[in-house]
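Please work through the following exercises with the sequence and the model at hand. Each task is followed by a solution in steps.

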Amino acid sequence: MKFLLVAGARPNFMKIAPVLEAFRPYRDAHEVRLVHTGQHYDARMSGDFFHDLGIPEPDVNLGVGSASHAEQTARVMVEFEQVCLRDKPDWVVVVGDVNSTMACAITAKKLGIRVAHVEAGLRSRDMSMPEEINRICTDAISDLLFTTDRGAGENLLREGVSPEKIKFVGNTMIDTLLRHIGRARELPLPAGLAGQRYAVLTLHRPANVDCEDTLAGIMEAIGGIADRIPIVFPVHPRTAGKLNGSSRHPNLRVVEPMSYFAFLGLVAHSRMVLTDSGGIQEETTVLGIPCITLRENTERPITCEMGTNTLVGRDPARIGAAAAAVLEAPPPSPRQPELWDGRAADRIVELLLHEHPLPC
Ligand code: UD1
């Protein structure tokens, strides 16, 4: 069989890497090609991750770059359609919830190619998030839906997905974490942090960073927390241009986006994380690092059920109070949600190889 694996943006790379690796023993019998849509293109957002994770150069790079949602999605679809027409894959495998995920799923499905979605069924029920729209559209048309937890499967059943399409396999992003955590922990921390108590901050959601007043409120709360503990803030390019001096605090260290190992090591040694990311909520659960999520909702409720993640929204007073509570409590122990055992990608590849090709 022929498989096209798709990755487009930073959070996709750690999810696709173990799937590529799990295909390795079968590559004599099956063709596996990696397509990078080019949604993320800076070395710090893309190339460094390929290097850290040992992902081979993509077979195809669509080079779509940044644009409005419609334009970026459309560019991916136009370019990916040509790849599908040329390669005629049996399966297109997409991961996560970025624009590239949805664009490639729709393109493949309309050409009659079967689609498998890794990380299916997560729902924030917040339709103002572009990712929620991407998740719903991708899941509605996928032929195989690989889920990270039982709650995601229940979401899909409620939406009318037939049970035989849903496969609970675990979390490929955690496969990657478990594989590399030892090495990441040993990397030197940024100057002055070794042996220190510090927190980590990431912010990139449009709902948090695109409105000046909202961002100013969040940064005011962060300033209050930085009075108590140093904070390292690797800044996403979307956020970088919008800070307008609000990140000036002697205890807040603003740095460029970090590579996978450097960031994982930074989080693993930290006292707490403040974030609006999806994936970091899961990584902190496995690492046993308290996570304060600066969002009103999460598509990953399992991280709250495990007791490592607290949703606080964007209200500065709530953010400050949650951080104070975390700093006063003993840190949680690492948690292992069901099947987050480092073998999710093996299960995915097993299942894909046992699905029969469609008749011509
Ligand atoms: C995208 C995903 C989001 C994911 C995030 C991780 C969608 C809808 N959103 O958001 O789910 O959490 O990636 O980073 O797909 N830029 C660069 N260099 C790059 C890439 C982007 O400078 O390599 C800048 C550009 O100014 C661009 C902006 O970042 O306009 C936003 O990039 P984009 O890919 O549109 O969305 P993200 O906010 O990164």
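The model is predicted: local features need pLDDT of at least 70 and side-chain atom pairs count only at pLDDT 80 or more, whereas totals for chains, interfaces and linings use all residues. Residues are numbered from 1 along each chain as its sequence is written, and side-chain values use heavy atoms, with hydrogens and water left out.

**Exercise 1. State the bounds of the two domains and the separation of their centres.**

Solution. Step one takes the bounds, which come from an automatic or database domain assignment. Domain 1 comprises 2-171 + 340-355, and domain 2 comprises 187-327. Step two takes the centres over C-alpha atoms; those of domain 1 and domain 2 are separated by 27 Å.

**Exercise 2. Give the strand order of the sheet of 7 strands and identify its edges.**

Solution. Helices (H or I, at least four residues) and strands (E, at least two) are DSSP runs, numbered from the N terminus. Two strands pair if DSSP finds at least two bridges between them.

Step one: the order is S3-S2-S1-S4-S5-S6-S7, in an open sheet with parallel pairing. Step two: strand S3 (60-61) and strand S7 (166-168) are the edges, each pairing on one side only. Step three: 3 bridges in the parallel sense connect strand S6 (residues 144-147) with S7, and Leu-145 stands opposite Ile-166 in S7.

Axes are lines fitted to C-alpha atoms, for helices over the stretch in contact, and angles run from 0 to 180 degrees between N-to-C directions. Helix H15 (residues 344-353) packs on the sheet and touches S1, S4, S5, S6 and S7; the direction of H15 makes about 165 degrees with that of S6.

**Exercise 3. Describe the sheet of 6 strands and the helices that pack on it.**

Solution. Step one: this open sheet has parallel pairing and the order S10-S9-S8-S11-S12-S13. Step two: its edge strands are strand S10 (252-255) and strand S13 (309-311). Neighbouring strands are turned by 20 degrees against each other on average, direction ignored.

Step three: strand S11 (residues 272-275) runs parallel to S12, joined by 3 bridges, and Leu-274 has Ile-292 as its bridge partner in S12. Step four: helix H11 (residues 260-268) lies across S8, S9 and S11, at about 130 degrees to S8. Helix H14 (residues 316-328) touches S11, S12 and S13, and its direction makes about 160 degrees with that of S11.

**Exercise 4. Which residues and elements of domain 1 contribute to the side that touches domain 2?**

Solution. Step one: 22 residues of domain 1 are in contact with 17 residues of domain 2. Step two: buried area is the accessible area (1.4 Å probe) that two parts lose on being put together, summed over both. The value here is about 1,800 Å², of which carbon and sulfur atoms give 58%. Arg-44, Asp-52 and Trp-340 supply 31% of the area that domain 1 buries against domain 2, more than any other three residues.

Step three: a salt bridge is a side-chain nitrogen of Lys or Arg within 4 Å of a carboxyl oxygen of Asp or Glu. There are 4 salt bridges between domain 1 and domain 2. Glu-119 forms a salt bridge with Arg-300, with the closest N and O atoms 3.1 Å apart.

Step four: helix H1 (10-23), helix H2 (43-53) and helix H5 (130-141) each give two or more residues to this side of domain 1. The largest share, 6 residues, comes from H2.

Key
Contact = heavy atoms within 4.5 Å.
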